[in-house]
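Here are some notes for a colleague who is opening this structure for the first time. Please read them with the model on screen.

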Amino acid sequence: MASEASSVVSDLINFLNASPTAFHAVDEAKKLLRSVGYEQVSEREDWRLEAGKRYFFTRNHSTIVAFAIGKKYVAGNGFHIVGAHTDSPCLKLKPVTKVTKGGYLEVGVQTYGSGLWHTWFDRDLTVAGRVIFREEKDGSVSYSHRLVRVEEPIMRIPTLAIHLDRGTDGFKVNTQSHLLPVLATSIKAELNKVVAENGPAGSGVQTDEKKINQGTTTTNSKHHSLLLQLIASQVGCKPDDICDFELQACDTQPSIVAGATKEFIFSGRLDNLFMSFCSLKALIDATSSESSLVDETGVRMVALFDHEEIGSNSAQGAGSPVMLNALSRITSSFGSDSKLLEKAIQRSFLVSADMAHALHPNYMEKHEDNHQPQLHGGLVIKNNANQRYATNAVTSFVFREIATNHNLPIQDFVVRNDMACGSTIGPILASGVGIRTVDVGAPQLSMHSIREMCAVDDVKHSYEHFKAYFREFSHLDTKITVDI
């Protein structure tokens, strides 16, 4: 078991390091699923599904839904789902990023989500995301979507020296004027451009770069040519062939296992790639053997959504019909009666998995006395009487019972009455789909910082808990009686 736990932690670290953006996280999830035989289906096409088989689809390449259909599944049976999200607070590049001030080339960014923006200062930053570019072959023009990531640090947001900021109010970030990453100095950028266009001094050779720049007008008016060159070199196209992009600033420091006893993980985007990976890994391992789906009567599913950090109201967010569409299409593939979907939803169960707030030793007063989740303490069941979390007595019992059966630790969290409570995709899907839901999450510190912190042991706890849920929910649910 120790070696298995170590392997899961190592796999999580690799997943985090390969996923600087939601697009990359979905791409990594696709690779994992395909490697074990999951078949990709398209929302644009008809689905021909079979019991005992495994499938996945993506939407916008930033949301992914994977599911394994039990061998004994019939239309109207339930879905056993873990839902998480692929996005994290970050700085996204604006449609026009070209900013020149005081002899510096800067990159215009906009805040995404509720980040701890002071943590973005003095970090070695790069850019990653997706690019739409033009391709010409045999006289025909097409447009492609390509993920991109510049590996080396290319930008930085420098802090103002304390000698120039003697105010008594402390460090306050103006997100419009202070959060501009510095890309280069104007003089060096211009010298670099001259060399790139003309070739080495005295060579008299006109490079391809000069030919490119001569034809580049519209794109270069919106973005620094230096930035476009860096992106184009990663894509393998000319800067002028870049039609548009969705890029964000990213920290280049890798995720690591750390601490004096190697008990912690230091990383960006733990909220919520930690839960995304553990749920996906659990689904894969709970459906990988020949016998794993033989006695399953339901559908085991993981749904990883984009845009949770900004409210989920998008075509690929949890507030969209993507979940309901998936349940409907799977159900209708095995039966034509429209009432079967309603029955299936009432037999279904959702674990909304989003990171939880661990007790902070320097701010212990921020936690309610009887609800203080600890690192290494296992998954946290989140409760809120005002339905900021969708947990109720029945759904918390189900998740707690699975923990008890496998000797897994479990914790509880309620926010203080004098503090506002955050929320998750749980209430959105519970109200929008009508599905029973429990809100849970692994405990962490520094949530929404560019560099977060969690415990190694909780990776194993989360993975094992989700895996047991997939394997045992169908049997446990037959023993629960509520609406009779």
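1. Start with Thr424. With a relative accessibility of 4%, Thr424 is buried. Buried means under 20% relative accessible area, exposed means over 50%, and partly exposed lies in between, with a 1.4 Å probe and protein chains only. Thr424 sits in the loop between β17 (410-414) and α11 (425-433). Helices (H or I, at least four residues) and strands (E, at least two) are DSSP runs, numbered from the N terminus.

2. A word on the source. This is a predicted model: local features need pLDDT of at least 70, side-chain atom pairs count only at pLDDT 80 or more, and totals for chains, interfaces and linings use all residues. Residues are numbered from 1 along each chain as its sequence is written, and side-chain values use heavy atoms, with hydrogens and water left out.

3. Which side chains does Thr424 join by polar contacts? One is Ser352, at 3.4 Å. Another is Asp439, at 2.6 Å. A polar contact is a pair of N or O atoms within 3.5 Å; within protein, one must be able to donate a hydrogen and the other to accept it, and residues adjacent in sequence count only if both atoms are side-chain atoms. Setting aside neighbours within four places in sequence, Thr424 is in contact with Glu308, Ser352, Asp354, Lys382, Arg388, Tyr389 and Asp439. Contact means heavy atoms within 4.5 Å.

4. Now Asp251, in strand β10 (residues 242-251). Its relative accessible area is 13%, so Asp251 is buried. Its side chain makes a polar contact of 2.7 Å with the side chain of Arg123. The side chain of Asp251 also reaches the backbone nitrogen of Gln253, at 3.4 Å. Not counting residues up to four places away in sequence, Asp251 touches Arg123, Asp124, Leu125, Ile450 and Arg451.

5. Turn to α7 (residues 270-286) and α12 (residues 456-477). These helices pack at about 45°, with axes 8 Å apart. Axes are lines fitted to C-alpha atoms, for helices over the stretch in contact, and angles run from 0 to 180 degrees between N-to-C directions. The pair is therefore oblique. Angles under 35 degrees count as roughly parallel, over 145 as roughly antiparallel, 65 to 115 as roughly perpendicular and the rest as oblique. Among the residues in this contact are Phe274, Met275 and Ala282 of α7, and Phe466, Lys467 and Phe470 of α12. The contact residues divide into 10 nonpolar, 2 polar and 5 charged. Ala, Val, Leu, Ile, Met, Phe, Trp, Tyr, Cys and Pro count as nonpolar, Asp, Glu, Lys and Arg as charged, and the others, Gly among them, as polar.

6. Leaving aside neighbours within four places in sequence, Lys467 is in contact with Glu4, Ala282, Asp285 and Ala286.

7. Another helix pair is α8 (residues 322-332) and α9 (residues 339-346), packed at about 120° with axes 10 Å apart. These two are therefore oblique as well. Leu324, Leu327, Ser328 and Thr331 of α8 meet Leu340, Leu341, Ala344 and Ile345 of α9. The contact has 6 nonpolar residues, 2 polar and no charged.

8. Last, α6 (residues 225-235). This helix is mostly covered, with 8 of its 11 residues buried. Among them are Leu226, Gln229 and Val235. Gly236 follows α6 and has a positive phi, near 90°.
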